[in-house]
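This briefing goes through the helix packing, the strand pairing and some backbone features of one model. The sequence and structure come first.

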Amino acid sequence: MKAAVLQEFNQPLVLQDVDVPTPDIDEVLIKVEACGVCHSDLAIAEGGWPQLKRLIKKPLIPGHEVVGRIVKTGSGVRHLAVGDRVGVAWLHWSCGVCELCLEGLENLCPKQIITGASVDGGFAEFIKAKASHALKVPEKLSSEEAAPLFCAGITAYRAVKNSGVQPGQRLAVFGIGGLGHLAVQIARTFGARVIAVDIADDKLALARDLGADQTINASTEEVAKIFRGMGGVHAGIVTSSSKAAYAQAFYAVRPAGALMVVGLPVEDLVFPAIMMREIRIRSVATGTRDDQRAVLDLAGSGAIRCLVETCDLTSINETLDKMRRGEISGRIAVKM
Ligand SMILES: [Zn+2]
Ligand SMILES: [Zn+2]
């Protein structure tokens, strides 16, 4: 099969022919229809962050937002069949028996296997996956629409959920990109009053189209004053990695509110001020299968939709370069 392979860190992926994987007794073989391209794929191609680096195998087929049809099932697989369309997320497998798994925190399982990092991912014509962790995709969604929900979608969903926001409360989303445009819509389904913050007017217009109640251009408006005027937000979700976004979000959150760290975190948050204001700072590590089902249901019912453009497997390196330069709005998926 054709695959885009990471041979060495910091080198372009190599398009090459590799063997089609053979599913084990508890696995399924999937013919890939679409695979989203995520900023984590860039990080992996560059060696990943320290905690991830030791898990990355080489050579590696990256890609962890995979949707396709099952073409073969292992002999132990009962609940999925050939022809089913399923998705494979970052969380390739979790043990199911450790303390964290038993508490419903399978996304934090210390024994977890990671798609497109510790095992081969979806930048290929076929992928094998654990049947237990491959989730059916609603028929209403195209494969390229569904693919980004397996990382961007589930992460945005869990960020809104874990913020604890209640109907009628104020929630601000900082950064209206791939994750942010989904967070805006998901927060609306939770009944929150949504304030979108970005530095680009076209992204703010998109946020309004997607249901944001209010938008703030952080490069031309007085962000701090506007948030002070409304009494702050009960939850702030930062999907941007910029220090400026964190600095603004930190003071936009009202005392006792929640700051959700989603974009790559920056080091110098103001810890004494956290203590003074009893702010809760939380992060999300993608999500659980339960979160994944919830976000697929939202998209399947039309309550949210992922903005996605597509590219070919042969142009994967150009796509990664475009992503490095920040030229992708919404998400992008490789269409097979
Ligand atoms: Zn991802
Ligand atoms: Zn576990």
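A residue counts as buried if 20 or more other C-beta atoms lie within 10 Å of its own. By that cut-off five of the six residues of strand E11 are buried, so E11 is largely enclosed by the rest of the structure. The model is predicted.

**The parallel sheet**

- Six strands make up an open sheet with parallel pairing, and their order is E12-E11-E10-E13-E14-E15.
- The edges are taken by E12 (214-217) and E15 (280-283); each has a single partner strand, so one side of each has no neighbour in the sheet.
- On average, and with direction ignored, neighbouring strands of this sheet are turned by 20 degrees against each other.
- E11 (residues 193-198) is joined to E12 by four bridges in the parallel sense. Within this pairing, Ala196 has Thr215 of E12 as its bridge partner.
- E10 and E11 are also paired in the parallel sense, over five bridges. Here the bridge partner of Phe174 is Val197 in E11.
- Helix H7 (residues 201-209) lies across E11 and E12 and runs at about 170 degrees to E12.

- Gly191 follows H6 and has a positive phi, near 85 degrees.

**Packing of H5 against H6**

- Two packed helices are described by the angle between their axes and the distance between the axes.
- For H5 (residues 152-163) and H6 (residues 180-189), the angle is about 45 degrees and the axes are 9 Å apart.
- Angles from 65 to 115 degrees count as roughly perpendicular, those under 35 as roughly parallel and those over 145 as roughly antiparallel, with the rest oblique. H5 and H6 are therefore oblique to each other.
- The crossing of H5 past H6 is right-handed.
- H5 contributes Ala152, Gly153, Ala156, Tyr157, Ala159 and Val160 to the contact, and H6 contributes Leu182, Ala183, Ile186 and Ala187.
- This contact of H5 with H6 consists of nine nonpolar residues and one polar residue, with no charged residues.

**Packing of H5 against H11**

- The axes of H5 and H11 come within 9 Å and cross at roughly 105 degrees. The two helices are therefore roughly perpendicular to each other.
- On the H5 side the residues are Gly153, Ile154, Tyr157, Arg158 and Lys161, which meet Asp291, Gln292, Ala294, Val295 and Ala299 of H11.
- By class, the contact of H5 with H11 has five nonpolar, two polar and three charged residues.

**Antiparallel pairings**

- E4 (residues 66-73) pairs with E5 (residues 85-88) in the antiparallel sense over four bridges. In this pairing Val66 is opposite Val88 of E5.
- E5 also pairs with E9 (residues 135-136), in the antiparallel sense and over two bridges. There Val86 is opposite Lys136 of E9.

**Backbone features in loops**

- Most residues other than glycine have a negative phi, and most peptide bonds are trans.
- The peptide bond between Lys58 and Pro59 is cis, with omega about -10 degrees. Pro59 is in the loop between helix H2 (50-53) and E4.
- Asn10 is a residue other than glycine with a positive phi, near 65 degrees. Its place is the loop between strands E1 (2-5) and E2 (14-17).
- Thr286 is likewise a residue other than glycine with a positive phi, near 45 degrees. The loop that holds Thr286 is between E15 and H11.

Key: Residues numbered from 1 in each chain as written. Chains lettered and ligands numbered in written order. Predicted model: local features only at pLDDT ≥ 70, side-chain atom pairs only at ≥ 80, totals over all residues. Axes fitted to C-alpha atoms, helices over the stretch in contact; angles between N-to-C directions. Left-handed = near helix turned anticlockwise from the far one by under 90°. Contact = placed C-beta atoms within 7 Å. Nonpolar A, V, L, I, M, F, W, Y, C, P; charged D, E, K, R; others polar. Pairing = 2+ DSSP bridges. Buried ≥ 20, exposed ≤ 12 C-beta atoms within 10 Å, placed from the backbone.
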